[in-house]
Amino acid sequence: MKLSDFDFDLPDDLIATRPANPRSAARLLVAAGGELHDGRVTDLVQWLQSGDRLVLNDTKVIPARLSGLRHRDSAQGAVAAKIEATLLEPRADGTWAALLKPLKKIKPGEVIVFSDDLSATLEGISEGQGHLRFNLSGTDFDTALAEAGAMPLPPYIAAKRAADEQDKTDYQTVWARNTGAVAAPTASLHFDAALLDALTARGVDLSYVTLHVGAGTFLPVKVEDVTTHRMHAEWGKVSEQAAAEIAATKTAGMRVIPVGTTALRLIESAAKDGQIHAWEGDTDIFIYPGFDFQVADALMTNFHLPKSTLLMLVSALMGQEEIRRIYEHAVGNRYRFFSYGDASLLIPAKADTP
């Protein structure tokens, strides 16, 4: 299985830099029964049935991108230099792993000042990441970070424009509650209160799980033999309640449909022998064609990067030829791609009817 098998031509102008407004007005491409249907996210209500269950990732994105100054005494006197930091994840010793630019210009022991309230000391460097110890913790840290930080937009958006205040709303799901992600579960960004109410009225059930999406989700695959690729690990949790709800839906013969690849990867990590269980820990599950799905019956997801592990995941669910056809249709009909783009509802043939 070669990396080139997952490549396709994508016009640059199809990369969305802002979401649809309202959220649920985004386009929805439904692949079901061997046919493709063009619609809107609001049409999701028509494609789901009473007793189907959506699995939603309730992680909350932190404003992880910081701009600060480091101060140093030199032969010419006190000097200050700009440092950009992108927080990745908290470490066991209380520091934060972070990407720092320029990393080569800063030394352990130096302090970076991000605002009047927030600063951090660089305690060490390993594997291209800095280890920052902040001057604040707990809710004081959260408050200061919210003031000083910007949303960590994906590289393909950040290359086109800087993050702004609007992104603090746009790049967050309406049900976000467990802080820890540095990237959004983007398929979930299409949901608003009105759509959730309509789904509930339809009889669709909702379950919440948590997977803290890491910056590694944007790392390119660098090996030609994709089966040798190693995934980044991300922390997740499936509660006893969520596991019981999902298991009950499977027992009833109805469909379990994760919203987003993050929710899908998590519930498949928590599954053994066709059964889902409560689970907590780091997962580096890699789903590519040939994967045996234990829990997920279908998937709502955005359109993904060429040669990405996410494109491999949807190919595993639908088949490589079918995904190639779906993506050719999406490009030809000018669907918007990636995090702020449009959505797809992928229903394999075996899950067309509950």
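Across which strands does α9 lie, and at about what angle to β2 does α9 run? In this predicted model, local features need pLDDT of at least 70 and side-chain atom pairs count only at pLDDT 80 or more, whereas totals for chains, interfaces and linings use all residues. Residues are numbered from 1 along each chain as its sequence is written, and side-chain values use heavy atoms, with hydrogens and water left out.

Helix α9 lies across β1 (27-32), β2, β18 and β19, and runs at about 40 degrees to β2. Helices (H or I, at least four residues) and strands (E, at least two) are DSSP runs numbered from the N terminus. An open sheet of 4 strands has the order β2-β1-β19-β18, with mixed pairing; pairing requires at least two DSSP bridges between two strands. Its edge strands, β2 (35-40) and β18 (299-302), each pair on one side only. The twist averages 20 degrees from one strand to the next. Strands β18 and β19 pair in the antiparallel sense over 4 bridges, and N302 stands opposite A343 in β19.

The axes of α8 (residues 309-318) and α9 (residues 320-332) come within 7 Å and cross at roughly 115 degrees; axes are lines fitted to C-alpha atoms, for helices over the stretch in contact, and angles run from 0 to 180 degrees between N-to-C directions. The contact (heavy atoms within 4.5 Å) is made by L311, V314, S315 and M318 of α8 and by Q320, E322, I323, I326 and Y327 of α9.

Residue N333 is placed in the loop between α9 and β19 (343-347).
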